[in-house]
Amino acid sequence: MMTNEKQPARRRGFACKQFFVAHDRCAMKVGTDGVLLGGWAPCENARHILDIGTGSGLVALMLAQRSQPDTRIDAVDIDADAAAQAAENFLASPWEARIRVFHQDIGEFIRTGPEVRYDLIVSNPPYFAPAIACRDSARETARYTTSLDHPQLLQHAAQLITPDGLLCVVLPYTTGQDFIVAAGEQNWFLHTQIAVSDKPDTPFHRILIALSRRPCSAQHRAMSIKTEEGNYSTDFKSFITGFYLKY
C-alpha cells in the first residue's frame with residue numbers, strides 16, 4: 001500500500017506530481033496494481049478510454065495525464081462512495097473537462113447506451129472467488145468476483161470496444177493465466193503479457209494483460225518492481241517517473 005502519510009486524515013490519499021487521489025471513502029486504496037496498470041496501458045493513440053471499476057479514479061487520472069489532450073475518458077463504478085470520490089478527484093484534477101464518472105455496474109452502463117465505442121478499456125478487476133463475507137460490503141464488491149466475474153467482464157468489454165481496441169487488466173499471476181484461457185474461449189487474442197515479480201529472483205505475483213479482438217502476434221515480457229538491491233527497477237521507474245514525487 002502506498003498512501004501518503006503526511007496528508008491530513010481528512011485528505012488521506014496519494015499525492016502525484018500533477019494530481020492528488022483521495023481514497024478515504026474507497027474500499028480498495030491506491031496500490032501497486034493500479035499504478036502498474038495506469039503507467040503501462042497503451043493509451044497514446046486512444047481517443048476514447050473506459051475504466052471499469054474505477055475506484056478512487058487513480059488509473060483514469062494516470063491515463064488522462066499520459067493520453068492526448070483531446071482523449072475522453074469514462075469511468076464506471078458500482079459503489080456509490082467510490083464513484084463520488086472518483087468524481088471529486090476528477091474535478092480537482094487538470095483534466096476534469098474530459099473525464100466522466102458513472103455510478104453504475106457495467107451491465108447497466110451498456111444498457112443505457114454508451115455514446116461511443118472505446119479504443120482502450122482498462123480494469124483492475126475483482127479476483128477473489130466468493131468466500132467468507134467481508135465485514136464491509138463495499139470491500140467485498142471490490143475484492144470478490146460475485147458482482148463481476150471474469151467471463152462477464154470479457155463479454156461486456158467485447159460489446160464496448162472498437163475493432164482495433166485493447167482490453168488491459170492487471171491480475172495476480174496465476175489468476176491471469178486463467179483469464180487468458182477464458183479470453184481465448186470468447187475469441188479474444190493475447191496482445192501483450194508482462195509477468196511481474198517483486199525482485200528478479202522472486203516468483204511472479206502479478207501480470208499485466210492486453211487483449212485484442214483481432215489475431216495478433218503476442219508479446220511476452222517479464223519485469224521486476226525492484227532490483228536485487230531493493231531499489232526501483234528501470235522498468236518500474238518508466239511507469240512512475242511522471243507520477244511519483246521523488247522520481
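Asp81 is partly exposed, as its relative accessible area is 41%. The structure described here is a predicted model.

**Asp81 and helix 3**
- Asp81 belongs to helix 3, which spans residues 80–91.
- Between Asp81 and Asp24 the C-alpha to C-alpha distance is 9.6 Å, although 57 residues separate them in sequence.

- An open sheet is formed by 8 strands in the order 5-4-3-6-7-9-8-10, with mixed pairing.
- Strand 5 (99–103) and strand 10 (219–224) are the edge strands; each has a single partner strand, so one side of each lacks a neighbour in the sheet.
- From one strand to the next, the twist averages 15°.
- Strand 3 and strand 6 run parallel and are joined by 4 bridges. Leu50 has Ile121, in strand 6, as its bridge partner.
- Helix 3 packs on the sheet, where it touches strand 4 (72–77) and strand 5, and its direction makes about 165° with that of strand 5.

**Thr192 in strand 8**
- Thr192 lies in strand 8, residues 189–197.
- Thr192 counts as buried because its relative accessibility is 9%, and the cut-off for buried is under 20%.
- The side chains of Thr192 and His191 are joined by a polar contact of 2.7 Å.
- Beyond residues up to four places away in sequence, Thr192 touches Trp40, Leu208, Ile209, Ala210 and Gln219.

**Helix 6**
- The buried residues in helix 6 (residues 150–160) are His150, Leu153, Leu154, His156, Ala157 and Leu160. These residues lie on the same side of helix 6, because they cover an arc of only 170° around the axis.
- The elements against which the buried residues of helix 6 pack include strand 3 (48–52), helix 4 (106–111) and strand 7 (161–172).
- At the N-terminal end, helix 6 is capped by Asp149, with a side-chain oxygen 2.8 Å from the backbone nitrogen of Gln152.

**Nonpolar cores**
- The largest nonpolar core has 42 residues, of which Phe19, Trp40, Leu63, Leu120, Cys168 and Phe236 touch the most other members. Helix 2 (residues 58–66) gives the largest share of this core, 7 residues.
- Apart from neighbours within four places in sequence, the contacts of Phe236 are Thr32, Val35, Leu36, Met223, Ser224, Ile225 and Tyr244.
- A second, separate core has 26 residues, among them Val76, Leu153, Phe179 and Trp188.

How values were computed. Residues numbered from 1 in each chain as written. Predicted model: local features only at pLDDT ≥ 70, side-chain atom pairs only at ≥ 80, totals over all residues. Heavy atoms only, no water. Buried < 20%, exposed > 50% of the residue type's maximum accessible area, 1.4 Å probe, protein only. Helix = DSSP H or I, 4+ residues; strand = E, 2+ residues; numbered from the N terminus. Arc of directions from axis to C-beta. Contact = heavy atoms within 4.5 Å. Polar contact = N/O pair within 3.5 Å; in protein donor to acceptor, adjacent residues only side chain to side chain. Core = buried A, V, L, I, M, F, W, Y, C linked by side-chain atoms within 4.5 Å. Pairing = 2+ DSSP bridges. Axes fitted to C-alpha atoms, helices over the stretch in contact; angles between N-to-C directions.
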